[in-house]
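Please read them beside the coordinates.

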Amino acid sequence: MFETFAALGNGFALALQPDKLLFALVGVFLGTAVGVLPGIGPALTVALLLPITFKLDPTGSLIMFAGIYYGGMYGGSTTAILINTPGESASMATALEGNKMAKAGRGGPALATAAIGSFVAGLIATIGLAFLAPSLVELAISFTAADYFALMVLAFVTVSATFGASPLRGLTSLFIGLSLGIIGIDKLTGQQRLVFGIPDLSDGVEVTTLAVALFAVGEALFVASRHKAVTEKIEAVRGSLWMTKEDWKRSWKPWLRGALLGFPIGALPAGGAEIPTFLSYSLEKRLCKKPDEFGNGAIEGVAGPEAANNASAAGTLVPLLTLGLPTSATAAIMLAGFQQYGLNPGPLLFAEKPDLVWGLIASLFIANAMLLVLNLPLVGLWVRLLTIPQPWLYGGIMVFATMGTIAAKPSVVELGMLLVFGGMGFLMRRFDYPIAPVVIGLILGPLAETQLRRALTISLGDLSVLVKSPISIGLYVVAAIALLAPFVLTRLRDLGADED
Amino acid sequence: MSELPDTAATRPSPDMGVLLIGIGLIAVAAVILWDASQMTMAPLYAKIGPKVAPNAIAGGLVLFGILTLLGAFRGWFPARDADDWAGAAWVAGGLSFTIAAVGLDIGFIPGMAVLFAFTARAMGRRALLVDLVIGVVIALAVYLLFTKLLSLSLPRGPLERLL
């Protein structure tokens, strides 16, 4: 406990240096500005802004990243409240009540409760992260290669099969990502795989290229093909920005409940912030003293889900930092950001670079506080960003997506991948395949393969090593449950429907 | 899953798009298996070498490909509405031009300006020339920001060499 305080203190000493504060500020500002644009969620925000951090030192760039991540999340909720176009599924619950509030002229309090709720939840969750991380790191040190492999199998199952609309499509997405992960030179033997004699492919597929292609190019192709060039109605922020005494009274409990729901679900390798936000929404609906207000702009319906969303985002940093396990598309891209500096998140990073890890955690607190101070006064600016006409908005998104790829690797092959994977993203949207499992499969696949081969090398190829430790067995059991759960749930729902 | 599973199950014709996805997944698996079969390595790695993961992944793709084919006949996939291929073609065309601009040394700014204008056209704008000018201004600003301020190198064509 005391060591955590000391480490966190050192982290703050680093993160409070003027240049690091500047990085956090720029990150928060850019993250919000990009995240507020309709159709851009936090994952794409982080992927689009990654090239900007290329020339910074690792600490500065990761601090900027933390700001971009939190800023992108905040921007998304602003969009959800003001134009009812959630950039990602985790903001959908916010849009339900928030947009109704904005329509009723209570956009100010809706934005305020979202901002303060995000702050409170972010604070609680980051404290949770700071205190949970060291004990998880200690546990992770005792993990064998086989245990790590089992953990990754569990993460694969939960992010692709358990919570999506269709386990078949989720697993197919995951395996497409795993296939892309094979491309390149095998790290252990130097064997070229799926390179087809193209030199550019021997480095493998860049996570950012894939993410930008799937999220930005795929989305642009999809929107263009839908031809829904309907301009969304933006609700002006009328009246006071401030919350009334009653708003405060109705908000503080949902904030806390949302944070307590969001953090553990985000911290488990379960992936996705949709679950806690919708859980929080239905919980608040049940607990609300004025249930008829739900559906017409109940402030609890914004406060709870927004807190849950932010807390689960901070929660996903727990497996990312302590185990090197990304459980959301955003976390996968952040892992790519770490790897670009040759840093591998996991227990070793805490031991080898404590400054960097604790500086990052401290700057999460700082970014959170900056957002609170920055965003409400700047809401006029964000609203103006929302008024960019859709053709120019997508034109700009395409320019930034392509520019990021060119800045990272100005090759025709790399840009060709942007086009090909963009087409794939389009088809995946059209046929309702989830996108996050592809990104996670690409980055986590090679890591899982390394652990598997490490385990099998030690055991001289004896497969029983995979189920030797109680930790592995436990993880496989949970994975099996997670794989079967959706089928059982559907069956139960069908039975229930038959009885009605 | 369609809203009326019973009638969908008896639908006479398979979902052609889904059918093609299933075939595509199996084709990708075949390519991965072929690639793995071309690898030659010391017998030491036979059991735990670089072939293991590709073979396992290809196996998964074949399984999901077969299930997808089944789904095409059983109506497991949601219904889709018609596409406007022209819109998507404008976006893809713009990006293709950008790729050509990088490959053929036409330069960053023209590539980006066309991408911007074509994408705007895809979303329903009908002012290609105006958008091209806007695109040039944006691309120029981005070019100067990236090359002068962040000292990243971007592809240069005749226009960029003047800057």
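1. In chain B, 62% of the contacts between residues at least 6 apart in sequence join residues at least 24 apart, a contact being heavy atoms within 4.5 Å. Chain B has seven helices and zero strands, in the order α-α-α-α-α-α-α. Helices (H or I, at least four residues) and strands (E, at least two) are DSSP runs, numbered from the N terminus.

2. This is a predicted model, in which local features need pLDDT of at least 70 and side-chain atom pairs count only at pLDDT 80 or more, while totals for chains, interfaces and linings use all residues. Residues are numbered from 1 along each chain as its sequence is written, chains are lettered from A and ligands numbered from 1 in the order in which they are written, and side-chain values use heavy atoms, with hydrogens and water left out.

3. Of the 163 residues in chain B, 39% are buried; buried means under 20% relative accessible area, exposed over 50%, and partly exposed in between (1.4 Å probe, protein chains only). The accessible surface of chain B is about 8500 Å², and carbon and sulfur atoms account for 71% of this. Areas come from the Shrake-Rupley method with a 1.4 Å probe; for residues, only the protein chains shown count as cover.

4. Helix α3 of chain A (residues 42–49) is largely enclosed by the rest of the structure, because eight of its eight residues are buried. These buried residues pack against α2 (18–35), α4 (58–83), α9 (207–226), α13 (329–339) and α17 (390–408) of chain A.

5. Over all chains there are 15 salt bridges, each a side-chain nitrogen of Lys or Arg within 4 Å of a carboxyl oxygen of Asp or Glu. One of them joins A:Glu449 and A:Arg193 at 2.9 Å, N to O. This pair links distant parts of the chain, with A:Glu449 in helix α19 (residues 436–458) and A:Arg193 in strand β2 (residues 192–193), 256 residues apart. A:Glu449 is buried at 12% relative accessible area, and A:Arg193 is buried at 3%.

6. A:Glu449 also forms a salt bridge with A:Arg453 (2.8 Å, N to O). A:Arg453 is buried, at 3% relative accessible area. A:Asp186, A:Arg193, A:Glu449 and A:Arg453 are linked in a salt-bridge network.

7. In helix α10 of chain A (residues 245–267), A:Glu246 and A:Arg250 lie four residues apart, about one turn. Their side chains form a salt bridge of 3.6 Å, N to O. A:Glu246 is partly exposed at 39%, whereas A:Arg250 is buried at 14%.
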